[in-house]
Amino acid sequence: LVRNVGMHLLTDAIRFADSGRDVPEGLVDAVVTVAAALHDLKKPEGSQRNSRTGSMYVVKPKQHGPEEVDFTVRVFGRVEEYFGLARNTVKLGIMDEERRTTVNLKECIRQAKERC
């Protein structure tokens, strides 16, 4: 289980090559988090793993409603694709700490239901 950063932070440590704009830390966090778990996720069947189901678990804070939850779901889908992982390997926990998430919690959960 790992807690990623929210979506709205930017880092000047990495920039988009085409525009020079800062990269959102949430994107960097998604890639680095999954990369760090690969050693465990790619172990052969029957090996002792951190997850009995072959998943990794990420808690994502500061999401402002269902649209941002949907974006997070799509980001992790692209990261899984990049690393050659099965769809929905990354499980998502939604931190209910923002008003737009609280009042739309049912819809937020629906957006992430495949990753819960």
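Me: Helices (H or I, at least four residues) and strands (E, at least two) are DSSP runs, numbered from the N terminus. This is a predicted model, with residues numbered from 1 along each chain as its sequence is written. Local features need pLDDT of at least 70, side-chain atom pairs count only at pLDDT 80 or more, and totals for chains, interfaces and linings use all residues; side-chain values use heavy atoms, without hydrogens and water. In which helix is the place of Val73?

Reply: Val73 is at 17% relative accessibility, so it counts as buried. The cut-offs are under 20% relative accessible area for buried, over 50% for exposed and partly exposed in between (1.4 Å probe, protein chains only). Val73 lies in helix H2.

Me: Which residues does Val73 touch, not counting residues up to four places away in sequence?

Reply: A contact here is heavy atoms within 4.5 Å. As a separate distance, the C-alpha atoms of Val73 and Asn88 are separated by 8.9 Å, at 15 residues apart along the chain. The residues that Val73 touches are Leu92, Gln111, Ala112 and Arg115.

Me: What is the reach of H1 from its first C-alpha to its last?

Reply: H1 runs over residues 25–41, which is 17 residues.

Me: Which strands are included in what covers the buried residues of H1?

Reply: The buried residues of H1 include Ala30, Thr33, Val34 and Leu38. Helix H2 (66–83) is part of their cover, and Val79 is in contact with Ala30, Val31 and Val34. The strands in the cover include E1 (2–3), E3 (22–24), E4 (56–60) and E5 (90–94).

Me: Which strands stand at the edges of the open sheet?

Reply: The sheet has 3 strands, paired in parallel in the order E1-E4-E5. Two strands pair if DSSP finds at least two bridges between them; E1 and E4 have 2 bridges, and Val2 stands opposite Val58 in E4. Each edge strand has a single partner, so one side of each lacks a neighbour in the sheet; these strands are E1 and E5.

Me: How many disulfides does a search of the whole structure find?

Reply: A disulfide is a pair of cysteine sulfur atoms within 2.5 Å. The sulfur of Cys108 has its closest cysteine sulfur in Cys116, 11 Å away, so that pair is too far for a bond. Cys108 is buried, at 0% relative accessibility, whereas Cys116 is exposed, at 58%. The number of disulfides found is 0.

Me: Which backbone nitrogen does the side chain of Thr101 reach?

Reply: Thr101 sits in helix H3 (residues 99–102), buried at 0% relative accessible area. Its contacts beyond four places in sequence include Gln63, His64, Ile94 and Cys108. At 3.2 Å, the side chain of Thr101 reaches the backbone nitrogen of Gly65.

Notes. A polar contact is a pair of N or O atoms within 3.5 Å; within protein, one must be able to donate a hydrogen and the other to accept it, and residues adjacent in sequence count only if both atoms are side-chain atoms. The expected span of a helix is 1.5 Å times one less than its number of residues.
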